[in-house]
Amino acid sequence: MSFLDGELTTIALCWRIERRDGVTIGLTAHDRDLEIDGLVYRAAPGMTPSAIQRSASLDAGSMDVTGALTGEAISETDLLAGRWDGARVVPFATDWSAPGERVALGEGTIGAVETAGGMLTAELRGIAAGLERPVVEATSPDCRAALGDKRCRVPMARRRRFARVVSVEGEALVIDRAEPEANAYGGGLLRWFGGPNSGLEDAIARSEGSGLVLRRPPRFEAAGALVELIEGCDKRLATCAGRFGNAVNFRGEPYLPGIDLLTRYPGA
């Protein structure tokens, strides 16, 4: 007999949350901690889920979870820093008197997050939400591939380097090694190793010598931190051919006439 069939129900809602960097936590709406399959689900009685919408259709299922921000579980600082963006969430129900048996309630990822007055509201988007993405790419004069991916095919082994941050001023960083060529890291990625920003990533707008300009300032203190620098590309055909010798894999249409073709020549 299932724990759902008894005269007195002992149901507790739980959430297993797995961040993209591998950190995993468990939360439960019960008033005490529960240990299930080796993971301790911390009591978070203030966590209140909305109704979970599930159907046999292809509509994207979703739910919201509202609760108090706690430093031991999910802090406002980490949320705003983006550590929980895209985290996998597995909600389920279990018997708090004998944790183990569970009833799956779905699976999804953390979407939009709002914080106000020490409370958070997180949207959990179901797997079917992926069906909302465009199936066919739109044409563009710029390349739609990411540098080094399976469509671009540029080898990245020698285009990743480690460096140490010397100083920070807003979005501008100075590192302890110069770039291999002009604007090598423009459009690339910076990954933080160690320090308060560890595990986070930042997009690089441009680079010059030993200086970098990020798309946004570092979230936390960054001076002295070890970073990985990944070269970028400005997505233009001239750069693809001249710098990378990879025009054969260019994923754009720089010479395709646009919809403004008829308006380029007045009177024509």
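In β12, which residue is the bridge partner of Glu169?

Reply: The bridge partner of Glu169 in β12 is Ala172, and from that pair the surroundings can be built up step by step. Before that, please keep in mind that this is a predicted model, in which local features need pLDDT of at least 70 and side-chain atom pairs count only at pLDDT 80 or more, whereas totals for chains, interfaces and linings use all residues. Residues are numbered from 1 along each chain as its sequence is written, and side-chain values use heavy atoms, with hydrogens and water left out.

Two strands are said to pair if DSSP finds at least two bridges between them. By that rule β11 and β12 pair in the antiparallel sense, over four bridges, and besides the pair of Glu169 and Ala172, Ser167 stands opposite Val174 of β12. The two strands form a hairpin with two residues between them, and Gly170, in the turn, has a positive phi of about 65°.

Glu171 also lies in this loop between β11 and β12. Glu171 has a relative accessible area of 35% and is therefore partly exposed, a class that sits between buried (under 20%) and exposed (over 50%), as found with a 1.4 Å probe on protein chains only. Although Glu171 and Arg216 are 45 residues apart in sequence, their C-alpha atoms are 5.6 Å apart in space. Leaving aside residues up to four places away in sequence, Glu171 touches Leu212, Val213, Leu214, Arg216 and Pro217, where contact means heavy atoms within 4.5 Å.

For β12, the covered face holds Leu173 and Ile175, while Ala172 and Val174 are on the uncovered one.

Leu173, from the covered face of β12, leads on to the largest nonpolar core, which has 16 residues. Such a core is a set of buried Ala, Val, Leu, Ile, Met, Phe, Trp, Tyr and Cys residues joined through side-chain atoms within 4.5 Å. Leu173 is among the residues with the most contacts inside this core, along with Leu190, Trp192, Ile204, Leu212, Val227 and Leu229. At least two residues of this core come from each of β11 (160–169), β12 (172–175), β13 (189–193), β15 (211–214) and β16 (226–230). There is also a second, separate core of 12 residues, and it includes Ile25, Leu27, Ile110 and Leu124.
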